[in-house]
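Dear colleague,

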Amino acid sequence: MTDNHPFGSGMFQGQAKFVDYAHMNQQEVQVNTLDEPVLDTLLRDINMILYKLSYVIIPRMKETQGRKLRNWDLWGPLLLSLLLAMTLGINSNQSSDTIFGTIFIIMWGGSAVITVNAKLLGGQVSFFQSVCVLGYCVFPINVAAVVITFLQSYFGFFLRLIIVGVAFLWSTFSSLSFMSSMMNEEKKVISVYPIFLFYMFLSWFCIFI
Amino acid sequence: MLDNLNQDVSILQPSLQMTDSQVQNRIRQMKMEDPDDQTCYQRFCNLFTIEYYREYFDVTTDLVIAKVVNAFNPFSGTFFDIGGGIPELYGPFWILNTLIFTTALSVNIIKYMQLQPGEHFEYQFQIVPILTIFMYLKTLIVPMIYRVALKCVSQDRLTLLHCFTIYGYSAVVMIPISLLNSIPNPAIQWMLLVYVLFAQTSFLTSNFNQELKYLPKEKKYMIVGLVAVVQITIMILYKFYFFSSINYQQLGLVKKRTTTHLLSHILGAN
C-alpha cells in the first residue's frame with residue numbers, strides 16, 4: 001500500500017512528483033513568454049481562473065471531467081476569499097476588521113484543516129490541489145453574498161435563507177465529486193462532513209448581513 | 001514477525017487490539033532503533049510527517065456513527081467496546097468544531113430575536129474566537145485532569161488518548177442542546193442545562209466503571225465527584241458567559257414585579 005502512495009516513506013520523493021509536473025510546465029512556458037506584454041500574462045491567468053470557475057458552476061459528478069482542476073493555482077481562491085471577506089465586512093459598521101480577519105482565516109485555515117484531515121484518513125490528495133478546489137468552490141457563496149448585499153432592502157429573511165441555502169448546496173456538490181473520489185468507500189462520509197461544516201459556517205455569515 | 005507483534009501486545013492488554021496502522025507504526029519504530037537504516041531527517045523530523053499521526057485517525061464512517069450514538073446513551077458503559085477501544089482523535093476534533101459552530105449560531109439567533117423593530121441586526125463575530133479558545137482549552141485540559149485522577153487510583157488501562165477520545169465524544173450531547181438553548185424560555189434553558197450535566201457525567205462515570213468497580217467507596221465517590229464538579233463548572237461558565245445576553249423582560253416573558261425582579265436581574269444581568 002505504501003508503494004502506491006504518493007507520499008510514501010520518503011516524503012521528498014512523492015512531493016517532487018507533483019511539484020515537478022505543475023511547476024515544470026509553468027517554467028517552460030515562462031521562459032518563452034518572459035518578453036510578452038503584461039496584459040497577455042494577466043489575461044492568460046484570468047482565463048485559467050474563469051476556466052476553473054466553469055467547473056465549479058456546473059458541478060460534475062464524474063471524476064474524469066474534473067481532472068483539469070489538478071493544475072492548481074491559488075490566485076482564484078485568493079480573489080474569492082478577499083471578495084467574500086470584503087462583501088461581508090462592508091455591511092457591518094462596527095466590527096468590519098474582525099469580520100474580514102475571521103472570514104479570511106476561516107477560509108484558508110479551514111481549507112488547510114480539511115485537506116490535512118483527508119490526508120490523515122488515508123486519502124491520496126495533494127495538499128495544494130485540495131486547497132485550490134475548496135477555494136474555488138466558495139464561488140456560489142460569494143455570488144449569494146454579493147446579491148444579498150446589493151439587493152438588501154428587497155429581501156426578507158426567508159428569501160435570504162433560500163438563496164444562501166441554494167448557494168451552500170451548490171458549493172458542497174461542486175467540491176464533493178473531487179474530494180470523494182480520493183477516499184475509500186467506507187471513509188467518504190467522514191471526509192466530506194468537514195467540507196459540509198465549512199461551507200455551512202461561511203453561509204451562515206451571509207444570511208445575517 | 002507480524003503475528004509475534006500482535007501476540008506480544010495482546011498478552012499485555014487483552015481488551016485492546018492493534019489496528020493495521022498501529023502495527024505499521026510499531027514496525028517503523030522498531031526499524032528506527034537501527035540507526036543505519038534511517039536518515040537524519042527520518043530520525044528527528046518524523047513528528048512532522050502525516051504518517052506519524054495517521055494511527056490516531058484510523059476510523060471508518062460506521063465506527064464514528066456507532067460511537068456518536070453510544071455517547072447519547074448515558075448508562076450503557078460500552079463505549080470502549082466499540083471497535084476494540086482504540087483511541088482516536090477524529091471524533092473529538094470535529095465534534096468540537098461542530099459545537100463551536102452551533103453555539104455561535106445559537107447566540108446570534110437569540111440576539112436576532114431580541115431585535116427592536118427599527119434596529120439593524122449586527123452579527124456578533126467577536127464571539128467566535130472566544131468560543132474557540134474556550135472549547136479548545138476545555139477539551140485539552142479536562143481529559144488531563146481525568147487521566148491524573150485515574151492514575152491516582154492506580155489504574156493504567158486508559159491512557160491519556162483514551163481520555164481525550166471519551167471526553168470528546170461526551171461533548172456530542174451538547175450539540176443539540178446548544179441549538180435548543182436559543183429558545184428564550186428560562187425554564188427550558190435550565191432544564192437543558194441540568195440534562196446535559198446529568199448525561200455527560202453519567203456517560204463518563206459509567207465508562208470509567210471498570211476502574212471504579214473495585215475501588216473502596218471513598219475513592220469511587222471522589223472520582224465521580226471530580227467529574228461532576230468539573231462538568232458543573234464548565235456548564236455554568238458556558239451558560240452565563242455565552243448566553244447571558246438574554247433580556248427576559250424585553251421578550252415579555254417576565255412581568256415586572258418586585259419578587260420576580262430579582263430573578264430576572266440574575267438571569268438577564270447585562
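How many residues of chain A are in contact with residues of chain B? In this predicted model, 37 residues of chain A touch 28 residues of chain B. The area buried between chain A and chain B comes to about 3100 Å², and carbon and sulfur atoms give 69% of that area. On the side of chain A, the residues that lose the most area to chain B are A:L120, A:I190 and A:F208; together they account for 22% of what that side buries.

Five residue pairs in polar contact are found across the interface, with both residues at pLDDT 80 or more.

Helices α4 (96-120) and α8 (188-207) of chain A each supply at least two residues of the side that touches chain B. Of the elements of chain A, α8(A) gives the most to this side, with eleven residues. By residue class, the side of chain A that touches chain B divides into 20 nonpolar, 13 polar and four charged residues.

A further point concerns the surface of chain B. A nonpolar surface patch of about 590 Å² is made by B:I133, B:L137, B:L140, B:I141, B:M144, B:I145 and B:L160. Helix α6 of chain B, residues 127-152, gives the most to this patch, with six residues. B:I145, one of the patch residues, is found in helix α6 of chain B.

With kind regards

Technical notes. Residues numbered from 1 in each chain as written. Chains lettered and ligands numbered in written order. Predicted model: local features only at pLDDT ≥ 70, side-chain atom pairs only at ≥ 80, totals over all residues. Heavy atoms only, no water. Contact = heavy atoms within 4.5 Å. Buried area = accessible area lost by both parts, 1.4 Å probe. Polar contact = N/O pair within 3.5 Å; in protein donor to acceptor, adjacent residues only side chain to side chain. Helix = DSSP H or I, 4+ residues; strand = E, 2+ residues; numbered from the N terminus. Nonpolar A, V, L, I, M, F, W, Y, C, P; charged D, E, K, R; others polar. Patch = residues over 30% accessible without salt bridge, like charges linked within 9 Å, V, L, I, M, F, W, Y side chains within 5 Å. Areas by Shrake-Rupley, 256 points an atom, 1.4 Å probe, with all protein chains shown as cover. Salt bridge = Lys/Arg side-chain N within 4 Å of Asp/Glu carboxyl O.
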